[in-house]
Amino acid sequence: MSQRFHLPREGIVLLASIALGWGLNWPIMKIVLSEVPPLTFRGLCLVVGGLGVLAIARAYGQPVGLPRGRIQHLLWLTLFNIVGWNVLATYGLQYLPSGRAALLGYTMPLWCVPLSVWLLGDRLDGRRVVALLLGLGGIAALMSDSFGAMLATPLGILLMVGAAWCWAMGMVLMKLWQLPMPTVVLTGWIMLLGGIPMTVLAYFVDGVPQSWPSFWPAFGIVYNTVVGFMYCYWAWNRLVLLVPVAVSSLSSLITPLVGVAAGVVVLGEQPGWREALAAVLILGAIAVVNTGGRQKTQPHAGQEP
């Protein structure tokens, strides 16, 4: 049976808001890291964001208890989706410009598609192969003028590729296990469970902050907490559970394009043929993987309809 999938309206809204929220966040993180140590930054955002998400869930009458018998699964999701991705990506960002770091992070579909074939039994049909090649071709086009600079910082490359792999594994495991809890509660718990040990470790690695950050780094912390974590993580988890892994992972490639556009608007950068080619390839990948027969999805037990 064909596995073609048509991204539903809710998925389009989620994808657009995630691309905007996370696309803008890469240069914002770079600003924050100029004054705030990595573990302190991410640990603080995760703990505050996790508590905020759980408080919202409780206010709307959602059960916020941990799922019985599934704590081990929740901890594995936390390890890959939160700790692995955030620690490796944040340190990788210190060695690379924000745009290049983001592009390496969005090699995630390269790992996600084969992992979904292995663990979920997804069929790697011709449509998804074409979409994967188009999407990665777009990323390669954006990176083509900076391979030499990135090779000069191999540690940054290794950290970002490791972060992309962790993100991919977390996505596939979330789809595989389908924990019986609302998406907002799942989001709050994995953020909190990941943020607490990172904050404790920050005390020993980064030390106690000696001064408050200036306005823009402080704004970046607020942005990361509210937009990057509380909203975008919820929206991403909802999207992963709503559509097939290949669809969500390949569709996420639009985020680097938002980063390029933000550079044009905010920093006055002038895009060239590489950016134009990347836009065509990435949008082509999203079109290929999202066109075809409409497939009805059913939320699993505990998920929002």
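What follows is a set of questions and answers on a predicted model.

Biologist: How many helices and strands does the chain have?
Modeller: From the N terminus on, the elements run α-α-α-α-α-α-α-α-α-α-α-α-α. The count is 13 helices and 0 strands.

Biologist: What percentage of the residues of the chain count as buried?
Modeller: Buried means under 20% relative accessible area. The chain has 305 residues. The share of them that counts as buried is 51%.

Biologist: Which residues touch the most other members of the largest nonpolar core?
Modeller: This core holds 83 residues. Helix α8, residues 154–177, gives the most to this core, with 13 residues. The members that touch the most others are Trp26 and Trp236.

Biologist: Which residues is Trp26 in contact with, leaving aside its neighbours within four places in sequence?
Modeller: Contact here takes heavy atoms within 4.5 Å. With the sequence neighbours set aside, the partners of Trp26 are Trp85, Leu93, Ser98, Ala101, Ala102, Tyr106 and Met160.

Biologist: Which residues of α1 and α3 make the contact?
Modeller: On the α1 side, the contact is made by Trp26, Met29, Lys30 and Leu33. On the α3 side, the residues are Trp85, Thr90, Leu93 and Gln94.

Biologist: How many Å apart in space are Ser17 and Tyr231, C-alpha to C-alpha?
Modeller: Ser17 is found in helix α1. In sequence, Ser17 and Tyr231 are 214 residues apart. In space, C-alpha to C-alpha, the separation is 9.1 Å.

Biologist: Which side chain makes a polar contact with the side chain of Ser17?
Modeller: Leaving aside neighbours within four places in sequence, Ser17 is in contact with Tyr231 and Cys232. The polar contact spans 2.6 Å, side chain to side chain. The partner is Tyr231.

Biologist: How far does α9 reach from its first C-alpha to its last?
Modeller: Helix α9 covers residues 183–205, 23 residues. At 1.5 Å a residue, 33 Å is expected. The reach is close to that, at 32 Å.

Biologist: Which residue just after α9 takes a positive phi?
Modeller: The phi is about 80°. The residue is Gly207.

Definitions and conventions: Residues numbered from 1 in each chain as written. Predicted model: local features only at pLDDT ≥ 70, side-chain atom pairs only at ≥ 80, totals over all residues. Heavy atoms only, no water. Helix = DSSP H or I, 4+ residues; strand = E, 2+ residues; numbered from the N terminus. Expected span 1.5 Å × (residues − 1). Core = buried A, V, L, I, M, F, W, Y, C linked by side-chain atoms within 4.5 Å. Buried < 20%, exposed > 50% of the residue type's maximum accessible area, 1.4 Å probe, protein only. Polar contact = N/O pair within 3.5 Å; in protein donor to acceptor, adjacent residues only side chain to side chain.
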